[in-house]
2 protein chains.
Amino acid sequence: MDSLLKRINLEIAAIGGKRSRSRAQVIEVFFRTGPHATLEDLTHAVRKRNRSVGYATVYRTMKLLAKLGYAKELDFGDGPKRYESNLESHHDHLVCQECGLVSEFQEPRIESLQEQVAKQHGFLPTMHRLDIYGLCRQCALAGKKEN
Amino acid sequence: MDSLLKRINLEIAAIGGKRSRSRAQVIEVFFRTGPHATLEDLTHAVRKRNRSVGYATVYRTMKLLAKLGYAKELDFGDGPKRYESNLESHHDHLVCQECGLVSEFQEPRIESLQEQVAKQHGFLPTMHRLDIYGLCRQCALAGKKEN
DNA sequence: CTATACTATGATAATGATTTTCAAATTCAC
DNA sequence: GTGAATTTGAAAATCATTATCATAGTATAG
Ligand SMILES: [Mn+2]
Ligand SMILES: [Mn+2]
Ligand SMILES: [Zn+2]
Ligand SMILES: [Zn+2]
């Protein structure tokens with residue numbers, strides 16, 4: 001974690017930035033917090049440590065992390081964007097429309113088929129987003145019982 | 001087209017709604033317009049026929065069509081939502097980050113792998129969204145020439 | 001250490017898109 | 001037609017994101 005922060009600060013310096021306490025706190029909270037957190041989630045979490053950190057700083061820090069490739073912005077179509085670490089390996093998402101639960105999966109065969117599709121279209125892919133919406137196990141069972 | 005409108009009006013009546021001229025015009029324009037249109041696009045198109053139709057009516061009509069399953073809302077992460085007919089067969093999208101071109105593809109093997117993934121997680125899927133972002137053929141070639 | 005030149009910050013305002021409100025118009029069953 | 005209902009257009013409200021700006025903090029040179 002400390003070495004990660006150091007590495008990030010180096011990259012920030014490399015593009016003409018300076019370090020800052022607030023930003024370091026945001027970064028640390030982000031990597032310690034569970035995945036799929038909103039800016040509001042992160043702001044609250046940071047403020048537990050340092051009451052004076054503003055929403056704008058969280059916003060700017062997350063944009064910065066996204067630009068540097070350390071964070072990913074997710075949008076599940078409902079409320080505000082969510083953020084997750086980009087250090088873990090790539091995965092896609094199952095989103096429960098009932099309870100909001102977001103779970104993750106990897107399926108290399110889907111990934112490679114996507115590459116094929118892109119190639120067939122002369123398309124140069126840089127990223128993709130695959131979200132499957134529906135009912136998680138819990139909510140699916142709850143729904144069945146009702147009938 | 002006329003029979004489609006009739007069918008939709010029946011469904012509207014079934015949920016306690018009434019018909020209306022403006023709404024019929026919006027619906028007709030929607031199904032005649034190319035895919036991936038924004039509310040603004042649709043509003044402009046409708047107004048060419050009937051100056052007095054308001055944005056709110058287009059908004060409400062598209063929400064209604066989406067609820068009834070005739071339209072799909074798309075969000076490619078940049079500007080406003082886009083709408084497409086849900087009468088055609090299912091497909092996913094390739095979105096060019098340079099010129100905005102949106103093209104479509106079908107890949108049954110991806111579809112069935114998604115089913116498998118969902119099943120493995122005890123997840124009951126209702127829909128999914130797969131968008132591949134990158135450079136379309138044109139923009140990819142233009143980019144190469146620059147180097 | 002101090003001055004100075006810069007970046008980062010927090011509060012607030014601006015923006016952009018979506019959604020709601022409300023009085024007036026339209027539809028429809030009687 | 002009449003009356004109870006839904007629908008409408010314009011405008012306002014909401015919501016998330018992004019920009020602005022005066023102040024605070026950071027790095028660097030002397
Ligand atoms: Mn995830
Ligand atoms: Mn499409
Ligand atoms: Zn659930
Ligand atoms: Zn392109």
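Biologist: In this predicted model, at what angle do the axes of helix α2 (residues 21-32) of chain B and helix α3 (residues 39-49) of chain B cross?
Modeller: Two packed helices are described by the angle between their axes and the distance between the axes. For α2(B) and α3(B), the axes come within 9 Å. Their crossing angle is roughly 120°.

Biologist: Are α2(B) and α3(B) roughly perpendicular or oblique to each other?
Modeller: The axes cross at roughly 120°. Roughly perpendicular covers 65 to 115 degrees. The two helices, α2(B) and α3(B), are therefore oblique.

Biologist: Is the crossing of α2(B) and α3(B) left-handed or right-handed, and which residues make the contact?
Modeller: α2(B) passes α3(B) in a right-handed crossing. On the side of α2(B), the contact is made by Gln25(B), Val26(B), Glu28(B), Val29(B), Phe30(B) and Arg32(B). On the side of α3(B), the residues are Leu42(B), Ala45(B), Val46(B) and Arg49(B).

Biologist: How many residues of the contact of α2(B) with α3(B) are nonpolar?
Modeller: The contact also holds 1 polar and 3 charged residues. The number of nonpolar residues is 6.

Biologist: Turning to chain A, how are α2(A) and helix α4 (residues 55-68) of chain A oriented to each other?
Modeller: These helices pack with their axes 10 Å apart, at an angle of about 65°. α2(A) passes α4(A) in a right-handed crossing. Angles of 65 to 115 degrees count as roughly perpendicular. α2(A) and α4(A) are therefore roughly perpendicular.

Biologist: Which residues of α4(A) meet α2(A)?
Modeller: From α2(A) come Ser22(A), Arg23(A), Val26(A), Ile27(A), Phe30(A) and Phe31(A). By class, the contact has 8 nonpolar, 3 polar and 1 charged residues. The partners in α4(A) are Thr57(A), Val58(A), Thr61(A), Met62(A), Leu64(A) and Leu65(A).

Biologist: How many residues apart in sequence are the parts tied together by His93(A) and Glu104(A)?
Modeller: His93(A) lies in strand β4 (residues 92-96) of chain A, and Glu104(A) in strand β5 (residues 102-105) of chain A. The pair therefore ties together parts whose separation in sequence is 11 residues.

Biologist: Is Glu104(A) buried or partly exposed?
Modeller: Buried means under 20% relative accessible area. His93(A) is buried, at 3%. Glu104(A) has a relative accessibility of 34% and counts as partly exposed.

Biologist: What is phi of His36(A) near?
Modeller: Most residues other than glycine have a negative phi. His36(A) lies in the loop between α2 and β1 of chain A and is buried, with a relative accessible area of 8%. Its phi is positive, near 70°.

Biologist: And what is phi of His36(B) near?
Modeller: His36(B) lies in the loop between α2 and β1 (37-38) of chain B. The residue is buried, with a relative accessible area of 9%. Phi of His36(B) is also a positive value, near 65°.

Biologist: What distance separates the C-alpha atoms of Gly34(A) and Tyr83(A)?
Modeller: Gly34(A) is found in the loop between α2 (21-32) and β1 (37-38) of chain A, and is partly exposed at 42% relative accessible area. Tyr83(A) is 49 residues from Gly34(A) along the chain. Their C-alpha atoms are separated by 9.7 Å.

Terms used:
Residues are numbered from 1 along each chain as its sequence is written. Chains are lettered from A and ligands numbered from 1 in the order in which they are written. This is a predicted model: local features need pLDDT of at least 70, side-chain atom pairs count only at pLDDT 80 or more; totals for chains, interfaces and linings use all residues. Side-chain values use heavy atoms; hydrogens and water are left out. Axes are lines fitted to C-alpha atoms, for helices over the stretch in contact, and angles run from 0 to 180 degrees between N-to-C directions. Helices (H or I, at least four residues) and strands (E, at least two) are DSSP runs, numbered from the N terminus. Angles under 35 degrees count as roughly parallel, over 145 as roughly antiparallel, 65 to 115 as roughly perpendicular and the rest as oblique. A crossing is left-handed if the near helix is turned anticlockwise from the far one by less than a right angle, and right-handed if clockwise. Contact means heavy atoms within 4.5 Å. Ala, Val, Leu, Ile, Met, Phe, Trp, Tyr, Cys and Pro count as nonpolar, Asp, Glu, Lys and Arg as charged, and the others, Gly among them, as polar. Buried means under 20% relative accessible area, exposed over 50%, partly exposed in between (1.4 Å probe, protein chains only).
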